[in-house]
Structure formats: structure tokens, C-alpha cells
Protein chains: 2
Amino acid sequence: MELEKITSRDEAAYRRRYDDACGTAHGLELVGERWALLVIRELMLGPKRFNDLRSDLPGISANVLTQRLESLEAGGIVVKRRLPPPASVQVYELTEWGYQAEPIIQTLGRWATRSPGHDPNLPLSAVSLMLSFRTMFDAARGKGLKATVGFRLGAESYLVRIGDGELHAARGDADQADLTFTGAPPMVAAAVYGGVPLSALEADGALKIDGDRALAERFVTLFPLPPKTNAAAK
Amino acid sequence: MELEKITSRDEAAYRRRYDDACGTAHGLELVGERWALLVIRELMLGPKRFNDLRSDLPGISANVLTQRLESLEAGGIVVKRRLPPPASVQVYELTEWGYQAEPIIQTLGRWATRSPGHDPNLPLSAVSLMLSFRTMFDAARGKGLKATVGFRLGAESYLVRIGDGELHAARGDADQADLTFTGAPPMVAAAVYGGVPLSALEADGALKIDGDRALAERFVTLFPLPPKTNAAAK
DNA sequence: CGGCATCCGGGAAGATACTG
DNA sequence: CAGTATCTTCCCGGATGCCG
């Protein structure tokens with residue numbers, strides 16, 4: 001009875017495979033389930049705890065998150081780890097290979113922003129914002145610029161370093177920056193991607209800007225969006 | 001009653017969204033459903049008919065294919081078109097933006113080949129094989145090479161052109177090539193990715209090679225696979 | 001035959017409540 | 001805080017059948 005159940009589950013799992021030697025098909029078996037790629041996204045800037053993942057992934061339920069973390073761990077993409085004392089807290093972290101999934105997230109994201117259906121006025125996590133900077137940075141526009149920009153987004157703090165035509169984004173202490181933004185991620189996105197003037201966001205208290213003001217005005221121009229696709233396409 | 005049904009379906013669809021401004025999340029709403037990306041893959045080298053898609057996607061059922069084509073069409077990724085007479089046949093074709101999804105497929109595929117779980121000994125479609133050439137071509141190894149290689153894969157015929165350190169793959173008449181392979185796609189894959197000697201494949205009739213033999217021996221070395229990830233990763 | 005609607009069974013996702 | 005347990009709803013996959 002129990003055995004039969006297991007057999008039937010295995011058969012089902014087998015039927016659910018793509019049975020395709022193509023790397024893309026295998027990739028979909030690894031990260032193609034609902035939520036999987038977004039879990040990876042949230043871990044891309046460092047390990048997180050279960051409940052932090054849960055709150056940064058609006059709409060995921062606890063049991064689905066548990067299942068995804070299990071299958072990602074089984075696939076060698078995520079490891080469950082316990083932080084050393086005194087923290088002694090359990091976190092989930094990408095493996096080295098897991099971190100290499102970032103181009104997938106970037107390529108998919110860059111392509112999808114061309115969709116007419118893309119709505120930038122939705123909730124946005126801090127990690128998404130930082131990854132969007134990595135993805136959308138235009139080296140030509142940032143030419144000659146050397147600066148460190150800090151972000152205080154709720155409890156998390158990030159540092160974006162620009163220099164030599166490259167951009168680095170990571171967790172870090174915002175106090176060391178030439179300029180810091182303080183506010184919710186969607187407000188920063190409104191300035192960078194929505195074209196909302198910084199002054200307007202400051203006026204209603206949505207965003208606080210400390211430090212080099214001219215740098216702030218330039219920073220928001222460094223991440224051009226690709227043109228929308230023609231709705232009446234070929 | 002009917003109205004209520006529609007409302008409840010809309011609510012369900014709404015609940016199923018990711019509610020996330022991140023481009024990646026929107027990308028997953030567009031192509032994240034099961035089979036969707038593989039349907040796009042099969043269309044990447046030109047339009048196909050419903051039943052050709054069905055047979056090139058082993059395991060997909062007719063109703064799921066119908067659903068995917070509908071939602072891809074709604075998303076502006078695919079168009080349904082009727083070929084001009086005398087064919088007068090209905091085909092599905094990627095929009096210009098749809099063709100731009102190729103880097104997604106490539107990035108995911110390249111990343112996934114590093115998985116320990118990737119099994120190259122599975123069925124493989126002709127399009128998958130051609131796209132894998134585009135994805136895995138090593139320009140350094142192909143330096144100085146100028147050649148046209150033809151493939152007769154069942155009813156379909158393809159041409160791969162190599163020159164100036166670039167590789168192009170498209171549907172085309174294999175007769176114009178310096179060299180042609182005739183056989184099933186997995187047999188070609190065995191030679192290129194599995195390290196099976198061409199002579200062995202010829203011996204049991206799995207593969208037929210016509211034309212420049214030395215070119216064939218070189219061709220199979222042009223697509224190195226990335227190293228597998230360490231199973232006991234960090 | 002090609003494309004699509006319909007019905008059914010099983011399983012995955014979602015919501016809520018509960019436990020260590 | 002970090003998950004389980006449970007229940008419902010919905011999607012996937014298979015089969016059948018309709019229609020051009």
C-alpha cells in the first residue's frame with residue numbers, strides 16, 4: 001500500500017519530466033517550477049532566513065516555499081546552513097553554481113521589460129532593485145563616473161559601487177557612501193525607472209536623499225529601459 | 001452564473017500572478033508556465049504547424065499545447081498565421097520580440113549543462129541541436145575556419161555556416177554544404193557532446209557523413225561543454 | 001488529419017491553522 | 001521563528017470526440 005503509493009508518485013514524477021536532452025529542458029526541471037527562480041533571485045545577494053524569504057516573496061505560502069527550498073537543495077543549487085554562534089540561526093544560501101544562475105534572471109528580466117504588460121508600479125524587493133541595477137546599468141552613461149551609493153531599504157542596507165565603467169552591488173554599510181537613498185524599494189524604482197523627479201519623491205517623504213545631490217540626479221539616469229515591443233508586431 | 005464563473009476565473013488568475021515589479025517575475029508570467037519556453041524553442045528556427053510542434057515536444061498533450069499557444073499569442077510572443085496558397089496551412093510563428101527570447105533559452109541551457117543531473121542520452125529535437133550549436137560554439141576553436149555544414153534530420157534540413165569566428169544556423173538545403181550529416185539528432189549529439197567517435201556511429205549506420213571528412217572531425221570539437229559543478233559544493 | 005472543446009483523475013498551488 | 005497539517009481550488013496530462 002505504502003509501496004504502491006511511492007511507485008505511483010515516482011511514475012508521476014517521471015511523467016512530469018520533459019524527457020529531453022536539451023540543456024534548456026533540464027534547466028526547466030531544475031528551476032522551472034513556480035516560484036523557484038524568484039527564490040533564487042532573493043538569495044542572489046547573500047543567504048536569507050526562511051521567514052525573510054517569505055516576506056520578500058509576496059504571495060508565496062509556507063509549504064510551497066518549503067518544497068522549493070527542498071528541491072533546490074536536492075538539485076545542488078541551494079544549501080541549508082546554520083550560522084555560527086551567537087547567531088545560530090538557520091539560513092539558505094546559494095551554492096557557487098547557484099550564484100551562476102544570475103545571468104538567467106538578468107536575461108529573462110531584460111527581455112520581459114519590453115513587454116507591454118509589464119507593470120513597474122508593483123511591490124519590489126530590495127534584492128530585485130539591486131539586481132536590476134546590475135542588469136540595466138549602461139556603461140556608456142556611467143563613463144568616467146566613480147562613486148559609491150548607499151541604500152537603506154527597511155532593515156537592509158546595500159552599497160552600489162560604480163567605477164571603470166562597471167557597477168557592483170552588494171550588501172554593505174550605507175554610511176560609507178557618497179550618497180544614500182532611504183526609503184522603500186518601489187520609491188527608488190519610481191525615480192530610476194518611472195521618471196519621477198527626485199524632488200517630488202522627497203516632497204511627500206517617500207524618499208530621503210543624503211549626500212551628493214548632483215550624483216543622485218545623475219545616478220537615476222544610468223539605467224535606461226529598452227523600448228517596448230510593438231503591440232501590432234509582425 | 002456564467003458571469004460568476006468568469007469572475008471567479010479572473011480572481012484565480014489574479015491570485016496566480018506574482019505581484020512583483022521585477023522584470024524577471026513578469027517574464028515568468030509570460031513564459032514561466034510548463035512547456036512554454038520549449039514551445040518557443042521549437043519555433044526559434046522558423047514557424048511550425050500544430051502537429052509538428054506536438055511531435056517535436058515529446059510528452060506534451062494537445063490541450064496543453066493549445067493553451068500555451070493561446071497565452072503566448074496573448075502575450076505578443078507568438079502569432080498564428082496562415083501560409084499563402086497553395087500551402088494554405090496554419091502555422092505558429094514567433095514575433096520579432098519572441099525571437100529575442102533566444103538568449104533566455106541559451107543562458108538557461110548553458111547553465112543547466114553544468115548540473116550533475118543532466119542526461120544527454122535523451123531524445124533531442126532538430127531545433128534543440130541547432131540551437132545548442134549556436135549556444136556552445138567556441139569562437140577560439142573555430143578560428144580561421146570557413147565552412148558550411150549541412151544536416152539532414154528526418155524531414156528537416158539545416159545549414160550551419162561558420163566563418164569569421166561566428167556561427168550561423170538556419171533551415172536550409174543541405175546539398176550546398178561542404179559536408180553533410182544524415183541521421184537522428186541524438187546521434188549527432190553523441191558525436192559532438194558525447195565524445196563518441198564518428199567512425200563508431202557510421203559503423204552501425206546511426207550516422208551518415210558525406211563530404212569533407214576532416215572537416216567533420218574538426219566540427220565535433222567546436223562545442224566544448226562547461227565543467228560539471230562539484231556535487232559537494234560550498 | 002489538423003485544431004480544438006470537453007470530461008476525468010491526480011497532483012501541485014494557495015490559504016489557513018497548528019506545532020516544536 | 002521555522003516550518004507541518006489539512007483542506008480547497010486549480011492546473012496538468014490523457015482520452016475521447018467534434019468539426020472543417
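Helices and strands are runs assigned by DSSP, a helix having at least four residues and a strand at least two, and they are numbered from the N terminus. In this predicted model, chain A has eleven helices and seven strands.

**Chain A as a whole**

The C-alpha trace of chain A spans about 70 × 60 × 35 Å along its principal axes. Of the 234 residues in chain A, 48% are buried. The chain exposes about 11,300 Å², and carbon and sulfur atoms supply 53% of that area. Its charged side chains number 28 positive and 29 negative, and the centres of these two sets lie 2 Å apart. Contacts can also be sorted by separation in sequence. Among contacts in chain A between residues at least 6 apart, 60% join residues at least 24 apart.

**The surface near DNA strand D**

DNA strand D is surrounded by 20 residues, and the closest are A:Arg49, A:Gln90, B:Arg34, B:Asn63 and B:Arg68. Of the atoms of DNA strand D that come within 4 Å of the protein, 68% belong to sugar and phosphate.

Several elements each supply at least two residues of this surface: from chain A, helix H1 (2-16), helix H4 (50-56), helix H5 (62-74) and strand S2 (90-94), and from chain B, helix H5 (62-74). H5(B) gives the most, with four residues.

| Side chain | Atom of DNA strand D | Distance |
|---|---|---|
| A:Tyr92 | phosphate oxygen | 2.7 Å |
| B:Asn63 | base oxygen | 2.5 Å |
| B:Gln67 | phosphate oxygen | 3.4 Å |

**A covered helix**

Helix H2 of chain A, residues 23-31, is mostly covered, with eight of its nine residues buried. These buried residues are A:Gly23, A:Thr24, A:Ala25, A:His26, A:Gly27, A:Leu28, A:Leu30 and A:Val31. Both chains take part in the cover. From chain A it includes helix H3 (36-43), H5 and helix H6 (96-99), and from chain B it includes helix H3 (36-43) and helix H7 (102-112).

A:Glu93 lies in strand S2 of chain A. This residue counts as buried because its relative accessible area is 7%, and the cut-off for buried is under 20%. The side chain of A:Glu93 makes a polar contact of 2.6 Å with the side chain of A:Arg81.

A:Glu102 is found in helix H7 of chain A, residues 102-112. With a relative accessible area of 12%, A:Glu102 is also buried. Apart from neighbours within four places in sequence, A:Glu102 is in contact with A:Met44, A:Leu131 and A:Arg134.

A:Met187 belongs to helix H9 of chain A, residues 185-192. Is A:Met187 buried or partly exposed? At 30% relative accessibility, A:Met187 is partly exposed, since that class runs between the limits of 20% and 50%. Not counting residues up to four places away in sequence, A:Met187 touches A:Leu201, A:Ala206 and A:Leu207. A:Ala147 is 40 residues from A:Met187 along the chain, and the C-alpha atoms of the two are separated by 21 Å.

Terms used: Residues are numbered from 1 along each chain as its sequence is written. Chains are lettered from A and ligands numbered from 1 in the order in which they are written. This is a predicted model: local features need pLDDT of at least 70, side-chain atom pairs count only at pLDDT 80 or more; totals for chains, interfaces and linings use all residues. Side-chain values use heavy atoms; hydrogens and water are left out. Buried means under 20% relative accessible area, exposed over 50%, partly exposed in between (1.4 Å probe, protein chains only). Contact means heavy atoms within 4.5 Å. Accessible areas come from the Shrake-Rupley method with a 1.4 Å probe; for residues, only the protein chains shown count as cover. Lys and Arg count as positive and Asp and Glu as negative; His and the chain ends are not counted. The place of a charge is taken as NZ of Lys, CZ of Arg, CG of Asp or CD of Glu. A residue is near a molecule or strand if one of its heavy atoms lies within 4 Å of it. A polar contact is a pair of N or O atoms within 3.5 Å; within protein, one must be able to donate a hydrogen and the other to accept it, and residues adjacent in sequence count only if both atoms are side-chain atoms.
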